[in-house]
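Let's take a friendly walk through one protein model, starting with a single residue and ending with what is packed inside.

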Amino acid sequence: MSAKVAIAESAITLPRGRVSDYFELTKPRVVLMVLVTTLAGFYLGGSAGFDVTLALNLLAGTALAAGGTLALNQYVERDTDAMMNRTRHRPLPSMRMRPVEALLFGAGATTAGLVYLAAATNVLCAAVTAAITIIYLGAYTPLKRYTWMCNVVGAIPGALPPVAGWASARGSLSWESGILFAIMFLWQLPHTFAVARLYRTDYARAGIHLLPQDGPHGGNASNPVVIIASLGLIAVGIVPAMLGFAGTPYAVIASALGVGMLGFGFAMVRAPASARAARRLLLASLVYLPIVLLVLVLDRV
């Protein structure tokens, strides 16, 4: 009797495990951030009220395309993922899923998402989303094996989701969508270098070059990038208020959070071996982005 129960339980839990594996393959936390930034761009780009149906279509297509792209990324990086403690339990390196399954799932989801966006929103939105997939998989992912400048390249697709949202709402692009891109682009540099420092041993073990080698006197080429990007984020962050796209409350909050990011950036640069300093900058970046976007949405003029 117990054997029959065990067989029945395994028959029930196996499909659930497969669904969970496919879900994990899409990197749901990353997809959630993509959806939030895309929706912010959509709202800010809307000029005739909030179209709920269009927004839902945008989110559905974006979720498919983003999840599929990230699944393809895990397919490409399955060997290096197996070498790192933080990723070796993913479905592919742990051999819970065959590579061909991830490839077919990722390609199918990405294609379905792009087609859906073209049909349900507009071609421009689909084109921007396709550019995210192409740059992420075709440039950023392979460059990670060769140069730390991949972070700069990777910041491009990471900054495009709000642009796609804007394109969905307007059917065109403008300087405002360019400002959203610039804020996202600059934000990602201190964010990604904080991640690179926090997991530098793991990345080094897998031969992934997210962080340059320290110089002969202990300096690191990423240090000025972190500081310059943080300074740029303060400057660019207040442009919406300066150009009348947002109000004073937004400018005050964006400036305060930008200064905070800069302070944590300096702290990480002064203590390059400190995991605590890197973690604080990472947390500061995760606080900065949702609050700035939320205040920009609420304070839009």
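Arg-29 sits in helix α2, where helices are DSSP runs of H or I with at least four residues, numbered from the N terminus. Arg-29 is exposed because its relative accessible area is 77%; exposed means over 50%, buried under 20% and partly exposed in between, using a 1.4 Å probe and protein chains only.

This is a predicted model, in which local features need pLDDT of at least 70 and side-chain atom pairs count only at pLDDT 80 or more, while totals for chains, interfaces and linings use all residues. Residues are numbered from 1 along each chain as its sequence is written, and side-chain values use heavy atoms, leaving out hydrogens and water.

How do α2 and α3 meet? Their axes, which are lines fitted to C-alpha atoms over the stretch in contact, come within 9 Å and cross at roughly 145°, an angle that runs from 0 to 180 degrees between N-to-C directions. Residues of α2 that meet α3 include Val-34, Leu-35 and Phe-42; contact means heavy atoms within 4.5 Å.

Now for the nonpolar cores: sets of buried Ala, Val, Leu, Ile, Met, Phe, Trp, Tyr and Cys residues joined through side-chain atoms within 4.5 Å.

| Core | Size | Residues, among them |
|---|---|---|
| Largest nonpolar core | 30 residues | Leu-44, Ile-183, Tyr-250 |
| Another core, apart from it | 26 residues | Val-34, Leu-35, Leu-70, Cys-150 |

Beyond its neighbours within four places in sequence, Tyr-250 is in contact with residues including Ile-183, Pro-240 and Leu-296.

Technical notes:
Helix = DSSP H or I, 4+ residues; strand = E, 2+ residues; numbered from the N terminus.
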